[in-house]
Amino acid sequence: MIKGDYKKSRIGRFSSLTLVALFVAGLLAACGDNTAAPTTGATTATTAAAVATTAAAGATSAAATTAATGATSAAATTAAGATSAAATTAAGATSAAATTAAGATSAAATTAASGTATTAAASGTGATLTLPANCSNVQLQYWNGFTGPDGPFMGQLVDAFNKANSGKITVKMTSQADYDTQLTTAAASDTLPDIIIVNEDVVASFAFNNIIRPIDPIVQQLGYTASDFPKIAWDNGMVAGKRYTLPLSMVPMTMYYNNDLLKAAGISAAPATDADFQKAAAAMTKGGNHGFEITSGFPVQQIFQQLLHQFGGSEFNADVTQATWNSDAGVKAMQWMLDAQKKYAEPALEVDADLNAFKAGSAGMIWNGIWQTTNVTGSAVSFDGKATATPQIGPQPGTWAGMASLGLPVHKKGNDACKDAAAGMLMKYIVDNSLTWAKAGNVPAYNKVRNSADIAALHPQAELAKAVENPIFPPSVPGIGDAFGPLSDAVTALMTGKATDVKKALDDAAAKSNQTLAANKAKYGDAPKS
Amino acid sequence: MAKTIQEREQTGEAVASVNTRRRFNFTPYLFILPHLIFFAIFVGYPFVSGLVYSTFQYNFLTPENNTFVGLNNYTNLFNTKSREFDLFWNSLGNTGIFMLYSVPALVIIPLLLAVLLNTKLPGRNIFRAIIFAPWVLSVSVISLLWFWIFQSNGGLVNVYAKALGIFGEDGPPRWLSTLPAAWIAITVATVWWTMGFNMIILLAALQDIPEQLYEAATIDGANTLQKFFRITLPLLQSVLVFVITITIIASFNLFGQSLFMTNNGPSRGTEPVMYRIYDEGFNRNAQGSAAAMSFVVALIMILVSYLNFRIFRKRDTSY
């Protein structure tokens, strides 16, 4: 009797609940996916007791609103490991480099800023850009992704600029995480700021997606020419024959070495050639220590690119229709990495394991971005950790690097001549005074600053000033980051031992990438439409 | 004193007049209106617009280039030569693998915990709270936590495993950069994170089972195991169906754990289908293709949920 009644009511109610849940499931799937897939849309939104019906209301709104942000912020935070490291890596990373200098900077930077005001005036080779007479009290929005300790360095430049132009121009700087997504959403709603930082791998994508616009006349007026910057850095801003960005600073691949281990192995100087590198790595690999540590995630794709170029290869052919990393140079580069891993490193390490091993004092040398300087050298470690340029392994010079450039965003309602002039003036001010910015752990792109005596006093920027003369950047075509995906997968597969045939893995990756290149070409065409 | 309709029917008085007054009543519709509005905005509209996007080569940044492509975005997903084919089915397969790992664990472990914590264990409320606690954390927090526990250099798991010599000469696997170790790491993190929620639901259902049934079984001489399989499980069945259904859905929505812990690696080996859709839509700016993927995944999810429901319904009728 009791059992019968019980079953009837309970099971009836719960099966109807299940039906509702099933329905919610379908709808959640449908709507959640459209808005970029909540991590656990169903679970997080539901509250413990009220099970099915409230889930419909709670979960769906959560799916719509939090999905996008949750997902994208996730993407941003892990960018260090991602292939399109660009914005956040450079940002969060370069920032890291700033801490040691942080104490002394405010004084140093302000003097530097005011001191270089004269340099700025003197450096202009062409006509200087000034504010048109009818402009007054121009309000300028400046966005970047410098959310780490590097932000304040850029802030000092902006403050000094505001001071120098007080009453005429006021720049408001906004540093935000998840920077590329912020720009994309602002572009969709036509609320882009007046001047932005653009990273080297998205220049073309931004140009083709109506985020940045050509700035040839402004750069001409500012007086910059090709001879003021490393050629590759200068060309990175060109898309379909027009200039979209002005190079500011680079963050190159850097070698960190444990000087105590090196000395104990009887070697007095950091290796700069392949032979010296092998010798040093072999000498330091003993008793639980590893002469060289290399991961299977970030930055192995970047190391591969660097070696590929050093052995005379290239990632793509000249018109960027074919991936060419499966060349002999590519096989050589990959083989070098596998040999080094086998001889000196631990197998199949995950992202950041190289840094952790180095900090623990058990790794002789690692290659990572310059932004790790304050993390693994100086007072951050209990040994003599040093940073310098990576050794040249192949016959050609070449160093992987990220780059921050300045660009002007698209405004669908039309551009303001006053704001454009003010943005041009700010551009020039930042580039000419990039010494302050260099102190945050960046290598200035502008030759005049990079080759100055002031940079020679900054370490490791001084050691890396030469390396960024031959930076390795992706070609300036839209969607190029996506074409690197198969390469990243292949290099990781080889480094983890999942794949063993180097040539075949690189061939397969190239074939996949060719599909993406063709799809991108069909999607974007040859030149931005607007 | 007013009589109910049933009472009037029984006595045969004035029922007809009541029925005529009940022709159409707006009141229930007014009650669901607030929900209906949100439903229309956040489910109805995105559903329809998603369906429209999926038939376009769609990029919201360059609306002037959007072109109608019919079912191309869908056929691409089934064309072995297309760019999307490998990526999509690889990620869908990964999500399937994760479901196989996580769903059984997320049903069995919470069930056992619920049964355990339904006894008169001293301090059971504290244990309930402890087990439920991780569920309130965000995915980034739990992923970072388990990233550090599983990482190879000084991670908690490896330090203990090495000290105890569990993995022998080769040492422990690379939890975050090799397969299938990466799935184990992700599954352990997920189970720890969400098992408390399932446990609470099952616990509530357990408390609804009348004590008399167990008393009667005890008198009949049934042991604990018999009571569990003959009383507890059958009476929990409909709640279990619900728990399994929402766990499958939650597992299908895997996104953050693999992104944070393994960065979807090695070589997209743990890239879930939800990340693929996100990447397609927001990194590649191919929202049409992403919408098509969403609908394919939604259909698969509806099918899986339906099958799950059917299978358990059939067994239900055998009692």
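This is a predicted model: local features need pLDDT of at least 70, side-chain atom pairs count only at pLDDT 80 or more; totals for chains, interfaces and linings use all residues.
Local features need pLDDT of at least 70 and side-chain atom pairs count only at pLDDT 80 or more, whereas totals for chains, interfaces and linings use all residues. Residues are numbered from 1 along each chain as its sequence is written, chains are lettered from A, and side-chain values use heavy atoms, without hydrogens and water.

**Salt bridges**
- A salt bridge is a side-chain nitrogen of Lys or Arg within 4 Å of a carboxyl oxygen of Asp or Glu, and the count over all chains is 22.
- B:Arg268 and A:Asp489 form a salt bridge, with their closest N and O atoms 2.4 Å apart.
- This pair crosses between chains, from a loop of chain B to helix 23 (residues 485–496) of chain A; helices are DSSP runs of H or I with at least four residues, and strands are runs of E with at least two.
- B:Arg268 counts as buried because its relative accessibility is 18%; buried means under 20%, exposed over 50% and partly exposed in between, using a 1.4 Å probe and protein chains only.
- Both residues belong to a network of salt bridges that also includes B:Glu271 and B:Arg276.
- In chain A, A:Asp235 pairs with A:Lys231 at 2.5 Å; the two are separated by about one helical turn because they are four residues apart in helix 10.

**A buried residue**
- A:Ala467 lies in the loop between helix 21 (461–464) and strand 12 (471–472) of chain A, and counts as buried at 14% relative accessibility.
- A:Ala467 and A:Pro252 are 215 residues apart in sequence, yet 7.5 Å apart in space, C-alpha to C-alpha.
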